[in-house]
Amino acid sequence: MNWIILIIAGLFEVGFATCLGKARATSGTSSVYWMIGFFVCLSISMLLLYKATQTLPIGTAYAVWTGIGAVGTVIMGIIFFKEPADFWRLFFITTLIASIIGLKAVSSH
C-alpha cells in the first residue's frame, strides 16, 4: 500500500513542478492561482512522502519519489511547455524509469 502512496506522492510532485512552471509563465491573478496549486500539490506530496517513509526505506522512497517527479515533469514539459524531445533526452528518461523499477524490485518492503 505504501508503494501506491509513494507513487501518488510522486505524481503530486509533478503537479507542483508543473504549477510552478505555469506560475512563472503567467502573471496577475492567473499566476496567483498557479502558485496556490503549487502549494497545495507540494503539501500533499510531502505528506504522502512522509506517510510512505514510515514503512519504506527513506533512501529508496526518496529516490523513487524524485524519479517519478523528474520523469513526469520532463514529460509535462514536452507536452505543455514545448520542451525538446530529442533522442538523448528520451534515452536518459528511459534509463531513469528503469532505475526506478530496479529500486522497487530490490526493495525488501
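Reply: Happy to. In this predicted model, the pair to look at is helix H2, residues 28-52, and helix H3, residues 58-80, which pack with their axes 10 Å apart and at an angle of about 150 degrees. Angles over 145 degrees count as roughly antiparallel, and H2 and H3 are therefore roughly antiparallel to each other. The crossing in which H2 passes H3 is right-handed. On the H2 side, the contact is made by Ser 45, Met 46 and Leu 49, while H3 brings Ala 61, Tyr 62 and Trp 65. Sorted by class, this contact of H2 with H3 has five nonpolar residues, one polar residue and no charged ones.

Helix H1, residues 2-25, comes into the picture through Asn 2, which lies in it. Leaving aside residues up to four places away in sequence, Asn 2 touches Lys 51, Ala 52, Thr 55 and Leu 56. Asn 2 has a relative accessibility of 16%, so it counts as buried; the cut-off for that is under 20%.

Beyond H3, the loop between H3 and helix H4 (87-106) holds Lys 82. Its backbone deserves a glance: phi of Lys 82 is near 55 degrees, a positive value in a residue other than glycine. Most residues other than glycine have a negative phi. In contrast to buried Asn 2, Lys 82 counts as exposed because its relative accessibility is 69%.

An unreviewed UniProt entry places the feature "transmembrane region" at residues 33-50, 62-81 and 87-106. In the model, residues 33-50 are 100% helix and 0% strand, and the end C-alpha atoms of this span lie 26 Å apart. Residues 87-106 are likewise 100% helix and 0% strand, with 29 Å between the end C-alpha atoms.

Now for the whole chain. Its secondary structure comes to four helices and zero strands, and the elements run α-α-α-α from the N terminus on. The C-alpha atoms fill a box of roughly 50 × 35 × 15 Å along the principal axes. Of the 109 residues in the chain, 33% are buried. Among contacts in the chain with a separation of 6 or more, 72% come from residues 24 or more positions apart.

Key: Residues are numbered from 1 along each chain as its sequence is written. This is a predicted model: local features need pLDDT of at least 70, side-chain atom pairs count only at pLDDT 80 or more; totals for chains, interfaces and linings use all residues. Side-chain values use heavy atoms; hydrogens and water are left out. Axes are lines fitted to C-alpha atoms, for helices over the stretch in contact, and angles run from 0 to 180 degrees between N-to-C directions. Helices (H or I, at least four residues) and strands (E, at least two) are DSSP runs, numbered from the N terminus. Angles under 35 degrees count as roughly parallel, over 145 as roughly antiparallel, 65 to 115 as roughly perpendicular and the rest as oblique. A crossing is left-handed if the near helix is turned anticlockwise from the far one by less than a right angle, and right-handed if clockwise. Contact means heavy atoms within 4.5 Å. Ala, Val, Leu, Ile, Met, Phe, Trp, Tyr, Cys and Pro count as nonpolar, Asp, Glu, Lys and Arg as charged, and the others, Gly among them, as polar. Buried means under 20% relative accessible area, exposed over 50%, partly exposed in between (1.4 Å probe, protein chains only). UniProt positions are given in the numbering used here, feature names are shortened, and annotations may be inferred rather than shown by experiment.
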